[in-house]
Structure formats: C-alpha cells, structure tokens
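Please read it alongside the sequence and structure shown here.

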Amino acid sequence: MNEVAQGVAMDPEYAIEARGVNKFYGVTQALAGLDLRVKGNTIFTLLGPNGAGKTTFLKTILGLVKLQKGEISIFGKSTHEIESRGQVGYLPERFYFYPYYTVRDSVAFFMALNGVSKKDHAERVDQTLQIVGMQELAKRRLSTLSKGQLQRVGVASLLVGEKKLLLLDEPFSGLDPLGIKDFKDLIIKLKTTEGKTIFINSHILSEMERIADDFAIIDKGRCLAQNSIKSLLPGETLEDFFTSIIRGNK
Amino acid sequence: MQTSVLFALYINTIQKEIRSKTLIFVLMINLGLIFVVNSGIDLIIKSVESQNMINLHGQKASIFYFLISIWCTFLSIIFGIDCIKSDLESGVASVIMAQPLRRWWYVLMRILGATTIVFGHYLLSLFVAWIIFYISDGTNQLNMQIFGALFATLLVNLAVITLSALIAMSLNKMVAFILSLIVCSIVGIANQAMGTEDFLYNIQHIGLAKILGLVAHYLLPRIGIWSSFAGSLINGKMPAMNYGLELLHYGLTLAALFWLLSFIFSRREL
C-alpha cells in the first residue's frame, strides 16, 4: 500500500502542491487521489462536508498522518523532509496546551522547539504577542483564557520561527461573533503585513467568502473544484456554488 | 540534531509534571510514607528486640531503602505510563509533533525527563529520611553506601519508565499500570531465579513459565539484578557478578526497548 512517489519535481512557487494523495483508514478511503495547488501569500480555504477528508489532508501535510500514495510538497520541498515542517504552523480545531503554562511560557516553548535562540526569546515573544493582540495577557495561565484567547495563543505559536504557511483547522469553531470578527481581522493582517500563506479548513462559507482569495471543494477525498473567489458568477455566493457542486456529486 | 530543541523538550517534560497536581499529590504521599515507614520500622525493631530475637537496629536504613526502592518502582511505572500517553490523550502530542522535530527526539526527552522526576523523588526521600532518622534517634542512618547505590537505582528507574511507556502506547492507563506491574514482577522473579545460573542450565526443562522467564531475563533489562545490586551495596556487600557483561546486556536491551517505543510512536497517527 505504501507507494509514495518520491523525487518528483515540485514547483516552489506553490505553498502547497499535492499530487494523487491517497489515504485509507482500514477499508475506508479518506483521500482518493487528491490533487491541490495553493499559491503563496494567499488565503486559501478548503471546503467540504463532514468526513470529506479536510482534516486528514491537513494532517498529511504535517506528517501527523501517513499518506499511502502520492506526494505533497511545501514551497517545493517534500513533506518527507523534516525541514519542510519548519515552514509550516498548525492550529488544530481545538488548540490545547498545558493549562498551567502561561501565555508567555507557551510561546517561548514553541520558539525553543523551532530553534530560536534563548537570548532572543523575550523580545520575540513580545513581538509575537503584539501581533495577535495578547501582550496584556502574557502572564495569564492558559486555563484562565476564553476559547478565542486560546486560539490566539495557538496562532502566536504558529508565528515563531520562520513559518511561511499557516494551517488552520476550523479556526472559527466555538467562537462568538465578536471572536470570529477579531480572528478574521487577524488572518487578513497575517497575510497582508506578515506575508503568510494561510490555509483554512472551514464550514463557515459566508465568512470564508469574505476573506479567502482561493478555494477548493472536496468530498469523499476527491477535489471537485478549485478556483478563486473572484471567479464566482455575479450574484452567485460561495454557498450556492458549494451546494451545487456537492449535490452534483451525490 | 539541535541540543537546544532537545533541552526544551526535556525541561518541558519536567515542567509539565512539576506544574501538574499529580506530582504534588505524589510528593505528599511520599513524605507521609517516609514518616509512616520510620515509625513502623521503629515499632518493629522495638518489638523484635524486646523478645531478644535479633538486633535490627543497624538494619533500619536497609529496610527503609528496600521500601523506598519499591515505592520508586511504582513511581517509575506511573510516570512512565503518563509521560507520552497524557500528551496523546490531550492532543498536545499533535501540536508538538507538528513542529520540525523527529519523533524519537520527543520520546527520548520524555523518558529522560520522567527519569529525572522519579530520581529526584528518590533523592528527596533519602534526604528527608536522613533528617527524620537524625532527629528521631540522633544517628546518621544514611551512609555513603546508599549513595553508592544511586547509579543502580537510576538504571532500574530508566528501564521501568521505558518499559511502562511502551506498554502504555496501546493500552489505557489502568490496564497499562497493572500490566507494567506484572511485567516488572516477572522480570524481577526471573532475574532472581536465573541470574546466578548459566544459560545452558537455564534452558533445561523448558515449559511455558520457563519460556516467559527466559524472555524476561534475557530480552528485557535486568531490573531485579540491579535492584539486588543496590540493596547489597547498602548492606556493605559487593555481589559477585560480571559487571561488564551485565552493563552490556542492560545497554543493549534498553536500546532495543527504546527503539521499539520510538518505532511504535513514529508509526502512530496523531
């Protein structure tokens, strides 16, 4: 089953390039020859119904889940190379870290794991917390934070090191409307001022339509459509397009 | 391999235990146990001596060492099971492993961190016991020989933690705890039964129990031998054994256990 194609030249222009990615959980096929290309410095959203394979794909990028066939590269570097992960930050749907850690300690820990010199920690932790708007809560324990604040700590942990690609899995899940608004603003800021490429798995089509540049729709592990938000017809919403694609696939 | 990354993981292992309630709870039990053991031993010594049976007074440190070693084996199992399993259960493992790390780095630092915690408990227990003994009867019961046994105790802790972490990879914590206790007991019994005999003698009269014993004695680190070694040192004896060969066996079997643990963890989907 392990037929990973290695050594195929990938284009470094793309933040993510996936070719023929297959993944089985037992007899269930989670990814069925998925092909996907994500351009650098864009906000890209991967849409699909529950069980479509969105989270599995995201985890294969990080090597948390082993793909059985196909190839994924990050900025032209195969995900088989551990160095490729140095460019990627991952925020799970429910970011969890040791509740007795403070915000500052958590960010400092991720800096250390990314090889940031200890003497630079204090300054860079402050900078990172400022970007995510958490500098005033730096000394608070994670156990005392709201879901939205915890998500921001998660994002802060992505901004350490030299990460160019941020993978966010259902980042709006569990946030209140204000939390969603703040988080959307943060995502746009990360793209425009920090030059990051942001890949988002989401169910909230209306929000993604407002902030994303490009999108792809997957179902049953297969990519059904990939396009830019601008390519939607006048008067057509992302939700209309998504519904027609998914229903057409039934 | 970046040493600063390894060090961060190692410190994180210790911090996550120090800041958790489990360690405080265990520490309090530990201190309580020392007081109970001290009073219990005094009671037994007085009772036995009043009947003019044997003089146990000089054996206080040995008895205490024996009990604290058993306690530390329990702790090794608890922290061995928890060091990786808790991260897997909480989802922290996937957040950490999304960083540019090799999985065996993580496993190694979790094992070494847990060993440091247990060994720290051991040292603290010795220190507190020394103070209690000194205050209660004015004698210096803990001598340098106890510190000579530290190395052997460290080997035992490291092996038990690695073994327990391995067992916990595919079982829930309670089952893993019980199974680890059983495996450690089997290894200890097998080491006592087979440690003084040569290989050809040990493979005579093969049966199911014997096969189990042979596997425990030859394929797993000999925690029973090293525990006995530490105990003998406390009693001022140097046991007759081939130290070079035993150390080589320990090193090889521990490396094999660690490799197996790392392999299973690297194949695991997070």
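**Interface of chain B and chain A**

The model is a predicted one. In it, chain B contributes 27 residues to the contact and chain A contributes 29 residues. Together the two chains bury about 2,500 Å², and 57% of this area lies on carbon and sulfur atoms.

Polar interactions also cross the interface: 15 residue pairs are in polar contact, with both residues at pLDDT 80 or more. On the side of chain B that touches chain A, the elements giving two or more residues are α1 (3-18), α3 (60-90), α4 (92-97) and α5 (103-137) of chain B. Of these, α1(B) supplies the largest share, six residues. Sorted by class, this side of chain B holds 11 nonpolar, eight polar and eight charged residues.

The number of salt bridges between chain B and chain A is one. Its partners are Lys23(A) and Glu269(B), whose closest N and O atoms are 2.4 Å apart.

**Helix α2 of chain A**

Helix α2 of chain A spans residues 103-113 and is largely enclosed by the rest of the structure, because nine of its 11 residues are buried. The buried residues are Val103(A), Ser106(A), Val107(A), Ala108(A), Phe109(A), Phe110(A), Met111(A), Ala112(A) and Leu113(A).

These buried residues of α2(A) pack against elements of both chains: α3 (121-131) and α4 (147-158) of chain A, together with α1 and α4 of chain B. Just after α2(A), Gly115(A) adopts a positive phi of about 75°.

**Cysteines**

How many disulfides are there over all chains? The count is zero. A disulfide would require two cysteine sulfur atoms within 2.5 Å, and the two cysteines below illustrate how the distances compare with that cut-off.

| Cysteine | Closest cysteine sulfur | Sulfur distance | Relative accessible area |
|---|---|---|---|
| Cys83(B) | Cys184(B) | 14 Å | 0% |
| Cys184(B) | Cys72(B) | 13 Å | 8% |

Notes:
Residues are numbered from 1 along each chain as its sequence is written. Chains are lettered from A and ligands numbered from 1 in the order in which they are written. This is a predicted model: local features need pLDDT of at least 70, side-chain atom pairs count only at pLDDT 80 or more; totals for chains, interfaces and linings use all residues. Side-chain values use heavy atoms; hydrogens and water are left out. Buried means under 20% relative accessible area, exposed over 50%, partly exposed in between (1.4 Å probe, protein chains only). Contact means heavy atoms within 4.5 Å. Buried area is the accessible area (1.4 Å probe) that two parts lose on being put together, summed over both. A salt bridge is a side-chain nitrogen of Lys or Arg within 4 Å of a carboxyl oxygen of Asp or Glu. A polar contact is a pair of N or O atoms within 3.5 Å; within protein, one must be able to donate a hydrogen and the other to accept it, and residues adjacent in sequence count only if both atoms are side-chain atoms. Helices (H or I, at least four residues) and strands (E, at least two) are DSSP runs, numbered from the N terminus. Ala, Val, Leu, Ile, Met, Phe, Trp, Tyr, Cys and Pro count as nonpolar, Asp, Glu, Lys and Arg as charged, and the others, Gly among them, as polar.
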